[in-house]
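Subject: Structure handover

Hello,

Here is the structure you are taking over.

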Amino acid sequence: MLKKQKLQIALTALLIAMITGLLAWARAGYAVDVMVSDALCQRASVTNKNIYIIAIDDKTLEQYGSITSWSRELSADLVRLLNQDAQTKPAVLVFDVIFSEKGDAGGDAAFAEACLEAGNVVTAMSYRFKEQPEYDENGKMTLNQYHVDGVIMPYEELREATKQGYANTLVGTDGYVRRAMAYMDDAQGQRSYSLASQAYKLYQERRGEPVQWPALDENNQYLFSYSGITGCYSTVSMTDVMNGTVNPAIFADGIVFVGAYAVGMQDSYIPAISHGTQMYGVEIQANIVEALLEGKTQQQLPSGIYAMAAAVLAAVFYLVVRRMKIIPATIFMVVCVALNPVFAKVMYTRGYVTPVILLPAVFFLIYAVNLVYGYVQEVMRRQKVVNVFKQYVAPQVVDKISKDKDFELVLGGENRHIACLFVDIRGFTTMSESLKPEEVVEILNEYLSLTTNSIFQNGGTLDKFVGDATMAVFNAPFDLEDYIYKAVCTARDMKAGADAIAEKFEKRFGKSVGFGIGVNCGNAVVGNIGCDFRMDYTAIGDTVNTAARLESNAKRGQILISKEVYEAVKDRVEVTPVGEIPLKGKTQGVFVYQLDEVK
């Protein structure tokens, strides 16, 4: 039985591990998980003060009109203004604007010339991506979500005068931006950089610092932490720069982004750091550059590693919690659930994004199922106990058993001091020969009902019926106050009830019977005797045997008690000494008293 139980536990743990591992591998609940991870790990903290934004805002549009109507001469003037002093020029000037269409020839040429002279300008381009199936050298098909279907580049003169970076913003399936792409390599091995990557690369080269890319996935992408919400970077209106309100020297050696900062320009997205507000694309580019500079980038913890770890942790949690009682199990579950986000946050600071809700959900589910299962098992156990004992003991004892959380119905017994009573119907065999079977059963049932009720009314336990005899024990399975006296009272009640029944059946059948009763007390082994599928609650030992011998020696209507019983209740009974009598199975005689009256 124990081996079978251990096998069931092991199989359950294995099943939990497999299910948890599969869920972790499949990234179950990913859509909810990333939202929780954003709330937990994305924290506003601008650490690089050398990133600036020149905003093409409503004030600028009011001053110069729609950006599509601008002469590129205006952009040329901005480039010259910022780069007029070699000591205070920005390290990198990034236009998050795609100058794809040709404008007036003079303005286009002036802008390209100004950028060429400055040597620090990055302009935006854009790819059109289309999902397309591709085959590797083994013929295996994969879907390439980033197949280039087209490209929008700056006009030719500007393209030759600047470095370009594609400004595509990677919006997740849930509508939030939390990923960026470092670069793309085409079939010829030519590498093109994203706008933020190009700005970062040029800035590092200008400072003489190495260019270090974060850990990238198969699409050359990475997760990044935002440094702040909308408006976190030093932002000035382009109008204020152009009219001299803002001193261009403040941008010295910095990274300066120029981009849309007005709602009507339709360049805004929902960042992972603030789900309730939008952020302009130029601010997202600035956040990506800071993430690259400050190492605030992450990668997903490999699914295989997390799946194995989650499977093991879930199995261990099950094995531990199933052995605990409800309060320790609850505390353990709460601690495990609370530790998971702490672990996720620590891993995040080390560059790994781990699921936040899967393991807590699994832990809680295991805990809840274990709790319900334990409750059902407890109810079944109690019902089993009640079903067994309601056959033997008084209703109040059954009620006490059902409320005792520690009572176990198991094979084996305990040594207890008890009082034991045997009662047998005298003359029953002779009488049954002359009566119909149904009449015999009627008489027997009435007598046995009397003995049972007498036992229960005095708090005793009905041990068994043996033909027309009844055995009862007192002070088992629970402690019973004054149990020897109550055993004697039970014998008295049986004798009194038998006299009334005898008179009834004398009138009906012309025959009557009576009781012979024996009562003894002493130590006995009390418990469940039998096997797992069939057991009886009973008492065994010399005390029980002596009580049975006393009953067999009692005449009709006589109650015999042992010396031990008499000594325990002598102040409350009247007896007639019978003397020492030999009992079958005992080498020495036993001094016996006849019980006459109970006070």
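How many nonpolar, polar and charged residues are in the lining of the second largest pocket? Before the answer, two remarks on the source. This is a predicted model, in which local features need pLDDT of at least 70 and side-chain atom pairs count only at pLDDT 80 or more, while totals for chains, interfaces and linings use all residues. Residues are numbered from 1 along each chain as its sequence is written, and side-chain values use heavy atoms, with hydrogens and water left out.

The pocket

By class, the lining of the second largest pocket has 18 nonpolar, 14 polar and 10 charged residues. Here Ala, Val, Leu, Ile, Met, Phe, Trp, Tyr, Cys and Pro count as nonpolar, Asp, Glu, Lys and Arg as charged, and the others, Gly among them, as polar. A pocket is found on a 1 Å grid over the protein atoms alone, as an open set of points where a 1.4 Å probe fits, with protein on both sides within 12 Å along at least five of seven lines; lining residues have an atom within 4 Å of a point. The second largest pocket holds about 1,400 Å³ of space, a volume being the space filled by probe spheres set on the points, which are joined across faces, edges and corners.

In total, 42 residues line this pocket, and Q145, Y146, D217, N219 and Q221 lie nearest its centre. Several elements supply at least two lining residues each, among them helix 2 (30–41), strand 3 (121–135) and strand 10 (221–224). Strand 4 gives the largest share, seven residues. Helices (H or I, at least four residues) and strands (E, at least two) are DSSP runs, numbered from the N terminus.

V148 lies in strand 4. At 33% relative accessibility, V148 counts as partly exposed; buried means under 20% relative accessible area, exposed over 50%, and partly exposed in between, with a 1.4 Å probe and protein chains only. Leaving aside neighbours within four places in sequence, V148 is in contact with Y127, R128, F129 and M184, where contact means heavy atoms within 4.5 Å.

Is strand 2 (residues 92–96) buried or exposed? Five of its five residues are buried, so strand 2 is largely enclosed by the rest of the structure. On one side these are V92, V94 and D96, and on the other L93 and F95. Strand 2 pairs in the parallel sense with strand 12 (residues 255–260) over five bridges; two strands pair if DSSP finds at least two bridges between them. The bridge partner of D96 in strand 12 is G259. Strand 2 also pairs with strand 3, again in the parallel sense, over three bridges, and there L93 has V121 as its bridge partner.

Strand 1 (residues 51–56) is mostly covered, with six of its six residues buried. I51, I53 and A55 are on one side, and Y52, I54 and I56 on the other. Strand 1 runs parallel to strand 12, joined by six bridges, and Y52 stands opposite V256. With strand 11 (residues 234–237), strand 1 pairs in the parallel sense over four bridges; I53 stands opposite T235 there.

Strand 15 and strand 16 run parallel and are joined by two bridges, with Q300 opposite V353.

The other open sheet has three strands in the order 6-13-14, also with mixed pairing. Which strands stand at its edges? Strand 6 (176–177) and strand 14 (279–280) do, each with a single partner strand, so one side of each lacks a neighbour in the sheet. Strand 13 (residues 268–271) and strand 14 run antiparallel, joined by two bridges, and S268 has Y280 as its bridge partner.

Regards
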